[in-house]
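User: I would like to go through this model term by term. Please set each value against its definition.

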Amino acid sequence: SSWGFGALLKGLTSVLHQTFPQHTFLMNGLIHGVKGLLSFLSAPLIGALSDVWGRKSFLLLTVFFTCAPIPLMKISPWWYFAVISMSGVFAVTFSVIFAYVADITQEHERSTAYGLVSATFAASLVTSPAIGAYLSVTYGDTLVVILATAIALLDICFILVAVPESLPEKMRPASWGAPISWEQADPFASLRKVGQDSTVLLICITVFLSYLPEAGQYSSFFLYLRQVIGFTSETVAAFIAVVGILSILAQTVVLGILMRSIGNKNTILLGLGFQILQLAWYGFGSQPWMMWAAGAVAAMSSITFPAISAIVSRNADPDQQGVVQGMITGIRGLCNGLGPALYGFVFYLFHVELSEMDPAESPEKGSAIIPGPPFLFGACSVLLSLLVALFIPEHNALNMRPGSYKKHNNGAQSHLHSSQGGPCEGKEPLLEDSSV
């Protein structure tokens with residue numbers, strides 16, 4: 001699915017430029033904004049439902065909607081834009097995958113497992129643009145779309161045939177007809193819990209402030225390298241490959257060593273420190289060698305998200321893994337919508353024009369005192385994130401469970417309870433009929 005995601009990233013810019021040559025970045029920001037907002041609202045809900053009904057069905061659902069827009073690139077650009085925007089409702093694969101990992105690993109293994117998942121995603125983003133670009137030049141875009149669609153179908157078949165259900169039988173109902181309360185189905189229920197638990201609030205603020213500049217960076221950085229720094233297309237591809245390989249090493253080998261030696265929280269702080277250095281270097285750097293050096297630092301900063309996911313998973317109950325991971329994924333989805341708009345606005349304020357013109361035709365490079373203003377804004381945001389992360393406790397039980405809801409350990413049913421017979425007793429289950 002991440003290979004398909006890489007194909008989508010490449011294809012979206014291409015199709016947008018062909019359809020809206022004068023407003024490519026405006027439309028890119030709009031599409032990412034709609035998709036990010038929908039992900040923000042739906043990720044906690046999908047995670048919570050996977051805590052009740054199991055992971056496999058939701059893994060299948062999220063992978064399908066992540067890859068669904070791929071064939072539409074060649075069928076209809078307008079349908080492609082519509083589906084990729086609306087796919088944000090279900091394209092929240094990470095929350096389900098990380099909850100799945102939490103189900104099948106011991107606590108001390110999770111940081112390494114999360115690092116492997118993130119490294120696999122990074123490996124796909126390294127290979128898919130390079131392979132896609134080569135096939136596109138050699139055989140045309142149609143073959144790229146067909147290959148990406150075939151890989152997506154293969155992924156769906158693999159989940160159906162080879163991926164077992166990870167949620168233990170005793171933690172989920174016997175059928176999909178088990179009662180689900182309106183409170184559980186409310187997409188804002190988990191969000192309201194954020195302000196009620198100080199640890200959850202600190203983690204969410206940390207994720208938001210650190211991932212906002214990262215999301216904006218993804219939307220414009222490679223074009224920035226071409227138009228402002230003067231990289232060629234081949235150099236950009238090599239840069240992606242090198243940083244991707246270093247990120248894989250950081251999220252597998254380095255992450256495991258750091259988690260064992262300095263602990264979970266300090267690993268997060270170190271990753272945020274690397275991210276501040278990377279963004280500041282991107283902001284002030286005007287020479288190609290500076291970008292390569294900052295790229296190596298960026299690879300080290302990739303340890304932050306797996307470390308955050310590990311601390312969230314370790315402090316959540318087994319039957320709450322989906323909702324807490326969904327909450328984190330939802331925050332990242334919101335950043336994916338806001339980040340590109342923020343970076344585009346800051347580039348506009350400082351009169352840094354990014355367009356799909358040939359680098360030789362672009363404005364003079366290196367003439368500004370601060371070549372990359374948005375990256376410095378991003379560094380300030382991550383600095384605030386680091387200050388917030390200092391207050392995250394190393395061990396603290398996260399409670400994302402609605403006050404009126406609890407699971408029976410013996411059972412195949414989930415019921416509503418009120419500790420003192422309050423107004424929650426009269427709530428009508430959302431899904432009560434077993435036929436539903």
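**Labels and their cut-offs**

User: What makes the charged end of Arg332 sit over the ring of Tyr211?
Analyst: Its distance from the ring centre is 4.1 Å. The rule asks for NZ of Lys or CZ of Arg within 6 Å of the ring centre and within 35 degrees of the ring normal. Arg332 therefore qualifies over Tyr211. The charged end of Arg332 also sits over the ring of Phe305, 3.6 Å from its centre.

User: What sort of model is this, and which atoms count?
Analyst: The model is predicted: local features need pLDDT of at least 70, side-chain atom pairs need 80 or more, and totals for chains, interfaces and linings use all residues. Residues are numbered from 1 along each chain as its sequence is written, and side-chain values use heavy atoms, with hydrogens and water left out.

User: Why is Ser309 called buried?
Analyst: Its relative accessible area is 0%. Buried means under 20%, exposed over 50%, and partly exposed in between (1.4 Å probe, protein chains only). So Ser309 is buried. The residue lies in helix α15 (residues 304-314). Helices here are DSSP runs of H or I with at least four residues, strands are runs of E with at least two, and both are numbered from the N terminus.

User: What does Ser309 touch beyond its sequence neighbours?
Analyst: Leaving aside residues within four places in sequence, Ser309 is in contact (heavy atoms within 4.5 Å) with Phe98, Tyr114 and Gln325.

User: How do you know that α15 is mostly covered?
Analyst: Eleven of its eleven residues are buried. Phe305, Ser309 and Arg314 are among them.

User: Why is Ile104 called exposed?
Analyst: Its relative accessible area is 53%, so Ile104 falls in the exposed class. Ile104 belongs to helix α6 (residues 93-104). Its C-alpha is 6.4 Å from that of Ser166, 62 residues apart along the chain.

User: What makes a set of residues a nonpolar core?
Analyst: The members are buried Ala, Val, Leu, Ile, Met, Phe, Trp, Tyr and Cys residues, joined through side-chain atoms within 4.5 Å. The largest core here has 65 residues, and Leu225, Phe239, Tyr282, Met291 and Phe375 touch the most other members. Helix α11 (residues 198-229) gives the most to this core, with 14 residues. A second, separate core of 14 residues includes Phe58, Val96, Ile156 and Val163.

User: Which residues does Leu225 touch?
Analyst: Gly230, Phe231, Val236, Phe239 and Met291, not counting residues up to four places away in sequence.

User: Why is α17 called largely enclosed?
Analyst: Twelve of its 17 residues are buried, so the rest of the structure largely encloses α17. Phe375 is one of the buried residues. The cover includes α11, α13 (264-284) and α16 (321-349).

User: What share of the protein chain counts as buried?
Analyst: Of its 436 residues, 52%. The chain has 17 helices and two strands.
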